[in-house]
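Welcome, and please open the model in your viewer. We will go from one selection to the next.

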Amino acid sequence: MFAEIRGLSFRYKNSSVDNVKDFNLEMNQGEVTCILGESGSGKSTVLRLLAGLEFPLNGQMQINGKILFNEHEFVFPEKRGIGMVFQDYALFPHMTVEENIRFGLTNLSKQEKTERIREMLELVHLEDYAKRYPYELSGGQQQRVAIARAVAPKPSILLLDEPFSNLDAHLRQSIREELNGILKDTGMTSIFVTHDREDAKSIADQVVILDKGETIGKGKAIII
Ligand SMILES: Nc1ncnc2c1ncn2[C@@H]1O[C@H](COP(=O)(O)OP(=O)(O)O)[C@@H](O)[C@H]1O
Ligand SMILES: [Mg+2]
(Lines give C-alpha, C1' and ligand atoms only; values in the text may rest on other atoms or scores of the structure.)
(Ligands and ions follow the chains in the order given, each with its own letter.)
Protein backbone atom coordinates (compact mmCIF):
# COMPACT_ATOMS: atom_id res chain seq x y z
CA MET A 1 0.00 0.00 0.00
CA PHE A 2 1.43 3.37 -1.03
CA ALA A 3 -0.13 5.46 1.75
CA GLU A 4 -1.94 4.46 4.89
CA ILE A 5 -3.73 6.38 7.64
CA ARG A 6 -4.85 4.49 10.74
CA GLY A 7 -7.06 5.49 13.66
CA LEU A 8 -6.68 9.24 13.17
CA SER A 9 -8.58 11.35 15.67
CA PHE A 10 -8.50 14.98 16.64
CA ARG A 11 -10.29 17.58 18.76
CA TYR A 12 -9.95 21.36 18.53
CA LYS A 13 -8.95 22.99 21.82
CA ASN A 14 -12.29 24.71 22.38
CA SER A 15 -14.41 21.77 21.19
CA SER A 16 -16.29 19.42 23.52
CA VAL A 17 -16.48 16.59 20.97
CA ASP A 18 -13.90 14.91 18.72
CA ASN A 19 -13.89 16.67 15.36
CA VAL A 20 -12.27 13.69 13.62
CA LYS A 21 -12.99 10.17 14.89
CA ASP A 22 -11.02 7.05 13.98
CA PHE A 23 -10.30 8.04 10.36
CA ASN A 24 -8.75 5.29 8.23
CA LEU A 25 -7.63 5.40 4.62
CA GLU A 26 -5.46 3.40 2.25
CA MET A 27 -4.29 4.74 -1.08
CA ASN A 28 -2.59 3.15 -4.04
CA GLN A 29 -0.06 5.22 -5.94
CA GLY A 30 -1.66 7.47 -8.53
CA GLU A 31 -5.14 7.05 -7.09
CA VAL A 32 -7.59 9.94 -6.64
CA THR A 33 -9.47 9.77 -3.33
CA CYS A 34 -12.48 11.93 -2.53
CA ILE A 35 -13.62 12.79 0.98
CA LEU A 36 -17.29 13.68 0.69
CA GLY A 37 -19.29 15.37 3.43
CA GLU A 38 -21.55 18.24 4.41
CA SER A 39 -20.15 21.51 5.61
CA GLY A 40 -18.70 21.06 9.11
CA SER A 41 -18.20 17.30 8.75
CA GLY A 42 -14.45 17.61 9.27
CA LYS A 43 -13.11 17.48 5.70
CA SER A 44 -10.72 20.43 5.98
CA THR A 45 -9.62 19.23 9.41
CA VAL A 46 -8.60 15.85 7.98
CA LEU A 47 -6.55 17.57 5.27
CA ARG A 48 -4.91 19.87 7.83
CA LEU A 49 -3.98 16.83 9.92
CA LEU A 50 -2.45 15.05 6.93
CA ALA A 51 -0.51 18.18 5.96
CA GLY A 52 0.81 18.51 9.52
CA LEU A 53 -0.99 21.78 10.26
CA GLU A 54 -2.74 20.24 13.30
CA PHE A 55 -1.43 17.83 15.87
CA PRO A 56 -3.44 14.58 16.04
CA LEU A 57 -4.86 13.16 19.26
CA ASN A 58 -4.28 9.61 18.03
CA GLY A 59 -3.39 7.73 14.91
CA GLN A 60 -0.62 7.13 12.45
CA MET A 61 0.21 7.85 8.85
CA GLN A 62 2.84 6.56 6.47
CA ILE A 63 3.61 7.27 2.83
CA ASN A 64 5.82 4.89 0.91
CA GLY A 65 7.16 3.41 4.15
CA LYS A 66 7.98 6.80 5.66
CA ILE A 67 6.20 7.58 8.93
CA LEU A 68 4.69 11.07 9.04
CA PHE A 69 3.15 10.70 12.47
CA ASN A 70 2.44 8.09 15.09
CA GLU A 71 2.46 8.07 18.91
CA HIS A 72 6.20 8.85 18.92
CA GLU A 73 6.87 10.90 15.81
CA PHE A 74 5.59 14.05 14.17
CA VAL A 75 7.15 15.22 10.92
CA PHE A 76 6.78 18.97 10.40
CA PRO A 77 4.67 20.16 7.44
CA GLU A 78 7.60 21.38 5.33
CA LYS A 79 9.32 17.99 5.68
CA ARG A 80 6.29 15.88 4.71
CA GLY A 81 6.46 16.22 0.96
CA ILE A 82 2.73 16.86 0.84
CA GLY A 83 1.27 19.51 -1.45
CA MET A 84 -1.85 21.43 -0.47
CA VAL A 85 -4.26 23.52 -2.52
CA PHE A 86 -6.34 25.59 -0.11
CA GLN A 87 -9.99 26.36 -0.69
CA ASP A 88 -9.25 30.07 -1.23
CA TYR A 89 -6.05 29.16 -3.21
CA ALA A 90 -3.89 31.31 -0.86
CA LEU A 91 -1.74 32.69 -3.71
CA PHE A 92 0.82 35.34 -2.81
CA PRO A 93 -0.85 38.51 -4.15
CA HIS A 94 2.38 40.46 -4.63
CA MET A 95 3.99 37.70 -6.70
CA THR A 96 3.44 36.88 -10.35
CA VAL A 97 2.25 33.44 -11.47
CA GLU A 98 5.84 32.44 -12.16
CA GLU A 99 7.04 33.69 -8.76
CA ASN A 100 4.21 31.89 -6.98
CA ILE A 101 5.25 28.61 -8.59
CA ARG A 102 8.96 29.26 -7.95
CA PHE A 103 8.29 29.79 -4.23
CA GLY A 104 8.04 26.10 -3.31
CA LEU A 105 11.09 25.04 -5.32
CA THR A 106 14.22 24.44 -3.30
CA ASN A 107 17.36 22.39 -3.90
CA LEU A 108 17.28 23.12 -7.62
CA SER A 109 19.65 25.23 -9.71
CA LYS A 110 18.28 28.41 -11.26
CA GLN A 111 18.07 26.69 -14.63
CA GLU A 112 16.27 23.65 -13.19
CA LYS A 113 13.77 25.95 -11.48
CA THR A 114 13.07 27.79 -14.72
CA GLU A 115 12.55 24.46 -16.51
CA ARG A 116 10.22 23.15 -13.78
CA ILE A 117 8.16 26.35 -13.86
CA ARG A 118 7.84 26.00 -17.64
CA GLU A 119 6.63 22.39 -17.24
CA MET A 120 4.09 23.45 -14.61
CA LEU A 121 2.75 26.30 -16.74
CA GLU A 122 2.31 23.85 -19.58
CA LEU A 123 0.57 21.32 -17.30
CA VAL A 124 -2.05 23.85 -16.22
CA HIS A 125 -2.25 25.58 -19.62
CA LEU A 126 -1.05 28.97 -18.41
CA GLU A 127 2.04 29.39 -20.59
CA ASP A 128 1.01 32.92 -21.57
CA TYR A 129 0.24 34.07 -18.02
CA ALA A 130 3.64 33.75 -16.32
CA LYS A 131 4.03 37.47 -15.71
CA ARG A 132 0.50 38.16 -14.48
CA TYR A 133 -0.46 38.83 -10.87
CA PRO A 134 -3.23 36.81 -9.19
CA TYR A 135 -5.70 39.75 -9.37
CA GLU A 136 -5.30 39.72 -13.16
CA LEU A 137 -6.61 36.14 -13.38
CA SER A 138 -10.04 34.50 -13.28
CA GLY A 139 -10.98 32.18 -10.39
CA GLY A 140 -10.32 29.10 -12.52
CA GLN A 141 -6.92 30.43 -13.56
CA GLN A 142 -5.99 31.27 -9.96
CA GLN A 143 -6.89 27.75 -8.98
CA ARG A 144 -4.63 26.34 -11.69
CA VAL A 145 -1.74 28.47 -10.39
CA ALA A 146 -2.39 27.09 -6.89
CA ILE A 147 -2.29 23.56 -8.31
CA ALA A 148 0.90 24.30 -10.26
CA ARG A 149 2.54 25.74 -7.13
CA ALA A 150 1.58 22.68 -5.07
CA VAL A 151 2.65 20.15 -7.73
CA ALA A 152 5.95 21.87 -8.67
CA PRO A 153 8.06 20.39 -5.81
CA LYS A 154 6.79 16.88 -6.77
CA PRO A 155 4.96 16.06 -3.55
CA SER A 156 4.17 12.43 -2.82
CA ILE A 157 0.52 13.35 -2.19
CA LEU A 158 -1.51 16.34 -3.31
CA LEU A 159 -4.38 17.56 -1.10
CA LEU A 160 -7.12 19.78 -2.56
CA ASP A 161 -9.69 21.47 -0.33
CA GLU A 162 -13.03 21.98 -2.14
CA PRO A 163 -11.36 22.60 -5.51
CA PHE A 164 -14.64 23.50 -7.21
CA SER A 165 -16.43 25.57 -4.60
CA ASN A 166 -15.27 29.03 -5.66
CA LEU A 167 -15.99 28.50 -9.33
CA ASP A 168 -19.04 29.44 -11.35
CA ALA A 169 -21.53 26.61 -11.70
CA HIS A 170 -21.33 26.65 -15.50
CA LEU A 171 -17.55 26.19 -15.33
CA ARG A 172 -17.76 23.30 -12.93
CA GLN A 173 -18.01 20.51 -15.47
CA SER A 174 -15.14 21.74 -17.61
CA ILE A 175 -12.96 22.43 -14.57
CA ARG A 176 -13.68 18.94 -13.24
CA GLU A 177 -12.51 17.46 -16.51
CA GLU A 178 -9.49 19.71 -16.52
CA LEU A 179 -8.49 18.82 -12.96
CA ASN A 180 -9.00 15.16 -13.74
CA GLY A 181 -6.68 15.56 -16.74
CA ILE A 182 -4.05 17.37 -14.67
CA LEU A 183 -4.13 14.72 -11.93
CA LYS A 184 -3.89 11.90 -14.45
CA ASP A 185 -1.06 13.66 -16.35
CA THR A 186 1.04 14.02 -13.21
CA GLY A 187 0.18 10.49 -12.03
CA MET A 188 0.00 12.03 -8.59
CA THR A 189 -1.70 10.40 -5.63
CA SER A 190 -4.28 12.90 -4.47
CA ILE A 191 -7.09 13.54 -2.03
CA PHE A 192 -9.73 16.13 -2.71
CA VAL A 193 -12.63 17.06 -0.47
CA THR A 194 -16.04 18.21 -1.58
CA HIS A 195 -19.67 18.42 -0.45
CA ASP A 196 -20.84 17.61 -4.00
CA ARG A 197 -21.57 14.02 -5.03
CA GLU A 198 -21.19 14.86 -8.71
CA ASP A 199 -17.58 15.94 -8.10
CA ALA A 200 -16.91 12.68 -6.31
CA LYS A 201 -18.57 10.65 -9.04
CA SER A 202 -16.77 12.29 -11.89
CA ILE A 203 -13.15 12.12 -10.78
CA ALA A 204 -12.62 9.90 -7.75
CA ASP A 205 -11.20 6.36 -7.81
CA GLN A 206 -12.36 5.89 -4.21
CA VAL A 207 -14.71 7.81 -1.94
CA VAL A 208 -14.92 8.22 1.84
CA ILE A 209 -18.07 9.77 3.30
CA LEU A 210 -17.69 11.81 6.47
CA ASP A 211 -20.41 12.90 8.87
CA LYS A 212 -19.66 14.79 12.09
CA GLY A 213 -16.04 13.66 11.90
CA GLU A 214 -16.98 10.03 11.46
CA THR A 215 -16.61 7.80 8.40
CA ILE A 216 -20.10 6.59 7.51
CA GLY A 217 -19.34 4.99 4.16
CA LYS A 218 -16.53 3.98 1.87
CA GLY A 219 -16.25 2.93 -1.76
CA LYS A 220 -17.36 4.49 -5.00
CA ALA A 221 -20.42 2.31 -5.37
CA ILE A 222 -22.26 3.98 -2.48
CA ILE A 223 -22.73 7.27 -4.29
CA ILE A 224 -23.85 6.05 -7.69
N1 LIG B 1 -10.21 26.34 14.58
C2 LIG B 1 -11.28 25.67 15.02
N3 LIG B 1 -11.60 25.65 16.35
C4 LIG B 1 -12.65 24.95 16.79
N5 LIG B 1 -13.47 24.23 16.02
C6 LIG B 1 -13.22 24.22 14.70
C7 LIG B 1 -12.12 24.93 14.13
N8 LIG B 1 -12.12 24.72 12.79
C9 LIG B 1 -13.18 23.93 12.55
N10 LIG B 1 -13.83 23.62 13.68
C11 LIG B 1 -15.01 22.72 13.81
O12 LIG B 1 -14.62 21.43 13.40
C13 LIG B 1 -15.65 20.82 12.65
C14 LIG B 1 -15.12 20.42 11.29
O15 LIG B 1 -14.76 21.59 10.57
P16 LIG B 1 -14.13 21.53 9.12
O17 LIG B 1 -13.06 20.51 9.11
O18 LIG B 1 -13.77 22.91 8.73
O19 LIG B 1 -15.37 21.00 8.25
P20 LIG B 1 -15.59 20.99 6.66
O21 LIG B 1 -14.28 21.31 6.02
O22 LIG B 1 -16.10 19.61 6.37
O23 LIG B 1 -16.63 22.02 6.38
C24 LIG B 1 -16.80 21.81 12.59
O25 LIG B 1 -17.70 21.49 13.62
C26 LIG B 1 -16.12 23.13 12.87
O27 LIG B 1 -17.00 24.02 13.52
MG1 LIG C 1 -13.80 22.85 4.74
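Is Y135 buried or exposed? Select Y135: at 66% relative accessibility, this residue counts as exposed (buried means under 20% relative accessible area, exposed over 50%, partly exposed in between, with a 1.4 Å probe and protein chains only).

A word on the set-up: this is a predicted model, where local features need pLDDT of at least 70, side-chain atom pairs count only at pLDDT 80 or more, and totals for chains, interfaces and linings use all residues. Residues are numbered from 1 along each chain as its sequence is written, chains are lettered from A and ligands numbered from 1 in the order in which they are written, and side-chain values use heavy atoms, leaving out hydrogens and water.

The rings of Y133 and Y135 are stacked, 6.2 Å centre to centre with 15 degrees between the planes (rings of Phe, Tyr and Trp, the latter by its six-membered ring, pair if their centres lie within 6.5 Å; planes under 30 degrees apart count as stacked, over 60 as edge-to-face and the rest as tilted).

Next, show F10 and Y12. Their ring centres are 4.8 Å apart and the planes meet at 85 degrees, so this pair is edge-to-face. F10 is buried at 5%, while Y12 is partly exposed at 28%.

Finish with F55, F74 and F76, which ring pairs link into a cluster.
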